[in-house]
Amino acid sequence: TIRVYRCEDEDCTSETLIPMTGKHISWRSDRTTKFNNPTPAEGEDLCEAPGFRDAAKPPNWPVPACQLGRNTTEYQAQHPEFNSSGIGYENEDFIVWMRTAALPKFRKLYRRIVDTSLQNGKYIIRIDFNFPVKNFKGQKRIVFSTMSWQGGRNPFLGICYLVVGCLCLAVVGIFLLLIRIKHSPNNSEKGNTRSMSFLVCPIAVINITLGHGEEKGKKKTHLNISGNWGRTTF
């Protein structure tokens with residue numbers, strides 16, 4: 001859990017909590033379709049529902065899954081310092097945590113700062129370290145980013161498109177070079193027929209003829225393909 005405070009003086013003896021919300025930090029499709037709580041029987045608590053009754057609390061979690069988003073002695077989820085949204089499987093912190101990242105380095109949205117702006121000055125960030133990552137040599141960082149209708153800053157797609165575009169241009173250049181070498185006059189084969197360079201056009205008249213020749217005492221049959229485009233033979 002993360003809380004941000006703004007210092008009101010130079011020595012930070014007085015501080016003000018920066019309001020943040022945990023609402024709408026997950027994908028809408030996940031909230032409405034993928035993650036739903038089981039329906040408990042009439043008069044039963046959510047923890048007595050079939051999907052929670054026999055579920056064990058994961059390691060390092062302060063509360064079981066059915067109590068996510070509730071105010072408990074271990075975790076005041078609805079306190080203004082945390083302001084979590086949703087209960088149980090519909091808790092948005094849980095939904096964001098459950099979405100699998102495609103790459104080993106990734107970002108997950110924790111909170112949104114609303115109805116205020118981060119002005120120049122000193123800030124205090126208090127972190128409760130609840131999920132250890134040292135056993136798999138993981139690292140955590142805090143990033144403040146400006147969101148827009150396109151989402152947060154993510155240079156991966158731009159870099160990926162540039163790399164793929166450069167590779168495509170390189171492949172095209174290699175193929176053009178190979179075609180140029182293959183159809184150069186120095187690679188013409190001896191015989192009573194001759195190879196001719198050609199150009200593929202959208203509309204052309206193509207003639208196919210068979211020719212016979214000899215090379216080193218062996219008879220060979222050659223397939224000649226020629227075409228006419230206007231007054232140009234190619």
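View 1. With a relative accessible area of 44%, Cys168 counts as partly exposed, where buried means under 20% relative accessible area, exposed means over 50%, and partly exposed lies in between, using a 1.4 Å probe and protein chains only. Cys166, in this predicted model, is exposed, at 51% relative accessibility. The sulfur of Cys166 lies 9.3 Å from the closest cysteine sulfur, in Cys168, which is too far for a bond, because a disulfide is defined as a pair of cysteine sulfur atoms within 2.5 Å.

The residues are numbered from 1 along each chain as its sequence is written.

**View 2. The disulfide of Cys7 and Cys12.** A disulfide is a covalent bond between the sulfur atoms of two cysteines. The structure holds two disulfides, and in one of them the sulfur atoms of Cys7 and Cys12 are 2.0 Å apart. This disulfide is right-handed, because the torsion about the S-S bond of Cys7 and Cys12 is about 95 degrees. Cys7 counts as buried, at 11% relative accessibility, whereas Cys12 is partly exposed, at 22%.

**View 3. The disulfide of Cys47 and Cys66.** Here too the sulfur atoms, those of Cys47 and Cys66, are 2.0 Å apart, and the link is right-handed, with 90 degrees about the S-S bond. This pair joins distant parts of the chain, 19 residues apart, with Cys47 in the loop between α1 (28-34) and α2 (50-53) and Cys66 in the loop between α2 and α3; helices (H or I, at least four residues) and strands (E, at least two) are DSSP runs, numbered from the N terminus. Cys47 is buried, with a relative accessible area of 16%, and Cys66 is buried as well, at 6%. When the bonded cysteines of the chain are numbered in sequence order, the pairing reads 1-2, 3-4.

**View 4. A nonpolar surface patch that includes Ile125.** Leu118, Ile125, Ile127, Ile142 and Phe144 make a nonpolar surface patch of about 430 Å². Patches are made of residues with over 30% relative accessible area and no salt bridge, with like charges joined within 9 Å and nonpolar side chains (Val, Leu, Ile, Met, Phe, Trp, Tyr) within 5 Å; a salt bridge is a side-chain nitrogen of Lys or Arg within 4 Å of a carboxyl oxygen of Asp or Glu. Accessible areas come from the Shrake-Rupley method with a 1.4 Å probe, and for residues only the protein chains shown count as cover. Ile125 is found in strand β5 (residues 123-127) and counts as partly exposed, at 37% relative accessibility.

**View 5. Confidence along the chain.** The mean pLDDT, the predictor's confidence in each residue from 0 to 100, is 78 for the chain, and 76% of its residues reach 70 or more. Confidence is highest in helix α3 (residues 92-98), at 91, and lowest in strand β8 (residues 232-233), at a mean of 40. Over residues 190-203 the pLDDT is below 50, and this stretch has 17 contacts in the model beyond near neighbours in sequence, a contact being heavy atoms within 4.5 Å. Where pLDDT is low, the predicted coordinates should not be read in detail.

Notes. Predicted model: local features only at pLDDT ≥ 70, side-chain atom pairs only at ≥ 80, totals over all residues. Heavy atoms only, no water.
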